[in-house]
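Let's take a walk through this model together, one spot at a time. Keep the sequence and the 3D view side by side as you read.

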Amino acid sequence: MLLTEDRISKVKEKYYFSPKIWDDIIEASYSIAPNHKYLDWISKIIKNESIPINVVADKVKEFDKVRSSLDKKDLYQYKSFDDLVNSIENRNVRRRSFDDHKESETVYEDDDFKVIVPKSHASSCYYGAGTKWCTASRDNENHFKNYNQKGKLFYILSKTLPTSNRFYKVALLKNYSGDETFFDAPDKQLSLADMDEIDFITSHPLMKSINTYFNFEYADEIKKISEEEKERVLRQIAREQEWAERRANRLRRMTAAAQARKDNDEWNPQNTDSIGIRANALMEYLIEEGEFPNADEEITEIEDRIVDLQNEMENNPEVINDPDGDVAQDYGEQLNELEEELVDLIENQPTVYDIWYEDNSHYGLPVFEYDGEEYAIGDDVEADDAIQEYHESLIDDIGFDGFDNNFLSYYVDGVQVADYLEDWIRSDIEENPEIYLDEDDRELTDSAKKEIEKLEEILGDLNDNLEETDDDGEYDVIWDEITELESQIENIKDDEDNYEWPEDEIDNMVEYRLDDIKNDPMPWIEDYGLDLRNFIDVDDLIDGIIQNDGRGNSLASYDGYENEIAYDGEWFYIYRI
């Protein structure tokens, strides 16, 4: 906001308009770009060429939409309004052509597409030029060989889309096993959510040609994969048997550890450590959720029934008259059954020791297991540390490939982008100052200034001599010399080659452009073809993800929920994993 206000203030100082006209210019500039990045150019054209505000604004708005297809993508490279108009009007959709490579085969071609199968690493590099496909990397042919062993690559080449479009070249990998994967030009694997964006390809007749070609040319390889699938199933059965044995060993180990804790009463809430506290908190949560059997109410009910039955027996007249009679014996049998049921409930009631623990953690949170389910639990600080570690690990592992570019664009560090582009910006302004600076800003070069100073010094001496002479002939000679020197000075001032743009003006323009980058880096990233992933503020990104998704969405890998329980005066957060 401060950068935008400063930009408006500087432009207002540069050009004079009435308040009403300024309001209209500011409004028009804001409608095109809220950060007013085009305000200076718009104001200059309106001031110098007297073109109506709405006409300039409409054309700049059109430029902003089509600039990716123009040769000059920076508005400030246009010296006049006509220059901009001509550039926009003369742009056309260029239909590119692709020559045939001898080590490739064309599967399909029409006015819009050419589909080829690269038969060698060389042809893959040839048709993959301009993309980031690993199969088109000139330094490493292993990626191409690996993909070519699993199936076949089809390169779908658009003849009309601009190279700025991520789908101007699309790679399709069809595996012999039946799987197929699409990759865009930046080499991002397309997910199901992305498929709508390439509907113009997947619904095109070219796909039928690809499938027909693949099934016919590689029928033997596809059949071989079917036979290999049988071997894979047998290997899977052997692995499952091994896993079953491992599970049995783990069950014995975990049961023994739980029994040892129970024998030592390690998780007694009155005298336990942080792990024991969290185990008890988890039990309370599971009880509240109905996931952990709780016989307390049933025990109390049986105890009450025993008391009532004893009272009833003691007050029964028949028992009083005959304490050893049949009625007394019936009461005794009922009481024995209730007491046995009570003992059985108490002895077999699940306790905190039925929860398993094996010193495992989930991003720093202790992990417990109950009834085949795993739960991570921690306090608020531990949960914050865990979600931070989760996202840091994820980014370390896969980089930013798991994030949508539109989402990442909100976390681009404009300062990083400005630092990266500073040398290019300065070089461009220094080499083409006439594009960025006003003619009125130019000053005489130091050498021209020194030359004028020398001439003016001589001129001063001549003027002194002129005042002192009484000789008319000498006066005329001195006067002619003075006139000649004054002419020389004027010639120096009139010579365009004796002028240059001041360094401080160049520095100011560089800073102005860098401020623009810092305030709104994405257009510059797009114009210079930079990868925004190189300029992400990771800490800011992680904070944004947490604010958007919360902690449970990532930490609770089973259901995405964060659950909470208050235990012993402290809140704990539970994640089912």
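Isoleucine 517 lies in helix 21, which covers residues 503-519; helices here are DSSP runs of H or I with at least four residues, numbered from the N terminus. A word on the ground rules: this is a predicted model, in which local features need pLDDT of at least 70, side-chain atom pairs count only at pLDDT 80 or more, and totals for chains, interfaces and linings use all residues. Residues are numbered from 1 along each chain as its sequence is written, and side-chain values use heavy atoms, with hydrogens and water left out.

Isoleucine 517 has 0% relative accessibility, so it counts as buried (under 20% relative accessible area, with a 1.4 Å probe and protein chains only). Setting aside neighbours within four places in sequence, isoleucine 517 is in contact with Gly414, Val417, Ala418, Leu421, Ile425 and Trp524, contact being heavy atoms within 4.5 Å. Leucine 462 is 55 residues from isoleucine 517 in sequence, and their C-alpha atoms are 56 Å apart in space.

Now turn to serine 43, found in helix 3. Serine 43 also counts as buried, because its relative accessibility is 0%. Beyond neighbours within four places in sequence, its contacts are Val11, Tyr15, Phe17, Trp22 and Ile25.

Helix 3 (39-49) returns as part of the cover over the buried residues of helix 4, which also includes helix 2 (19-32) and helix 5 (81-89). Those buried residues are Ile53, Val56, Ala57, Lys59, Val60, Phe63 and Val66. How far apart are the end C-alpha atoms of helix 4? They are 20 Å apart, which agrees with the 20 Å that its 14 residues (53-66) should span at 1.5 Å a residue; the expected span is 1.5 Å times one less than the number of residues.

Note on methods. Helix = DSSP H or I, 4+ residues; strand = E, 2+ residues; numbered from the N terminus. Buried < 20%, exposed > 50% of the residue type's maximum accessible area, 1.4 Å probe, protein only.
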